[in-house]
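I opened the model to look up a few things for my notebook. The entries follow in the order I made them.

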Amino acid sequence: MTRIKIDGVDKAYRQMNGTNLRVLNNVDFETEENDFLCILGPSGCGKSTLLNIIAQLEEPSSGSVSIGSEASPTDVCFVFQEPRLLDWRTVRENIEFALDGKDIPKDEWDERIETYLELVGLDDFANEYPRSLSGGMQQRVSIARAMAVEPDVILMDEPFSSVDEITARNLRSDLVDIWKEQKRTIVFVTHDAIEATFLANRVLVMSHRPSNVLVHEKIDIDRPRSVDDPELVELAEEFVGQLETRAGATS
Ligand SMILES: Nc1ncnc2c1ncn2[C@@H]1O[C@H](COP(=O)(O)OP(=O)(O)OP(=O)(O)O)[C@@H](O)[C@H]1O
């Protein structure tokens with residue numbers, strides 16, 4: 001059972017000129033088990049900061065974060081905006097490194113590597129080094145690497161921003177299929193309202209900085225979804241409208 005609870009989280013960064021930059025302001029939310037949560041917000045509002053806090057890569061200035069329960073430790077994997085592969089290891093070895101790090105039994109490695117490389121369309125590239133792959137292909141490897149671990153929670157920070165749109169569309173559909181089939185909790189950061197509305201069963205819209213939660217909404221549009229569905233487009237526009245209204249109100 002994997003729930004994420006964010007309670008009154010504030011975050012400020014000390015700047016070079018000695019002042020504090022307030023990024024997150026009393027952020028509160030809770031996910032249900034196996035949610036696909038998209039965090040949507042304008043550039044610079046603190047989405048990555050919030051994701052890093054959930055991943056415990058950063059400390060909040062105040063407030064608390066909990067994932068899962070104390071009784072059962074939660075496996076969390078992170079997919080960053082950029083691939084972060086080990087250049088001196090092949091694609092296969094990069095994934096093996098992650099599997100080894102999570103103590104996955106060796107007799108499961110081949111099947112997992114095959115399954116997830118096939119999923120991202122790179123099954124013919126297992127023995128290549130990252131330098132011989134395009135940026136988009138490297139990002140697909142990093143997605144396969146996170147998936148192969150089969151973690152309870154996958155945190156994704158704009159993972160498709162460096163991938164061409166056709167590949168991104170396929171990966172979005174695949175991600176939804178994996179989420180439905182394997183019942184994982186996914187937290188996905190994006191500034192694209194259509195992407196959020198296509199993927200999520202729950203969307204958080206964050207305000208401009210110092211950022212808090214403007215909208216927390218469950219998305220009940222039937223699946224499979226289409227990015228051209230008028231209902232989906234209308235909802236995405238409502239999210240953007242909320243941001244514009246608040247920006248107008250505070251400017
Ligand atoms: N380690 C840091 N030290 C100082 N300031 C930081 C640090 N990390 C982020 N910031 C600042 O915090 C603010 C929020 O950054 P963050 O990357 O979380 O925003 P974001 O919403 O993810 O942006 P984008 O959508 O453009 O990636 C920015 O003004 C950024 O400059």
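In which sense do S8 and strand S9 (residues 213–218) pair, and over how many bridges? I found them paired in the antiparallel sense over five bridges; two strands pair if DSSP finds at least two bridges between them. Helices (H or I, at least four residues) and strands (E, at least two) are DSSP runs, numbered from the N terminus.

For the record, this is a predicted model, where local features need pLDDT of at least 70, side-chain atom pairs count only at pLDDT 80 or more, and totals for chains, interfaces and linings use all residues. Residues are numbered from 1 along each chain as its sequence is written.

Entry on S8. Six residues lie between S8 and S9 in their hairpin, and Val 203 stands opposite Glu 217 in S9. I then checked strand S3 (residues 36–40), which pairs with S8 in the parallel sense over four bridges. There Cys 38 stands opposite Val 203. Four of the five residues of S8 (residues 202–206) are buried, so the strand is largely enclosed by the rest of the structure. Buried means 20 or more other C-beta atoms within 10 Å of the residue's own, exposed 12 or fewer, with C-beta atoms placed from the backbone.

Entry on helix H3 (residues 109–119). I noted Ile 113, Tyr 116, Leu 117 and Leu 119 as buried. They cover an arc of only 155° around the axis, which puts them on the same side of H3; the arc is that of the directions from the helix axis to the C-beta atoms. On the other side of H3, I found Asp 110, Glu 111 and Glu 118 exposed. After H3 comes Gly 121, with a positive phi near 75°.
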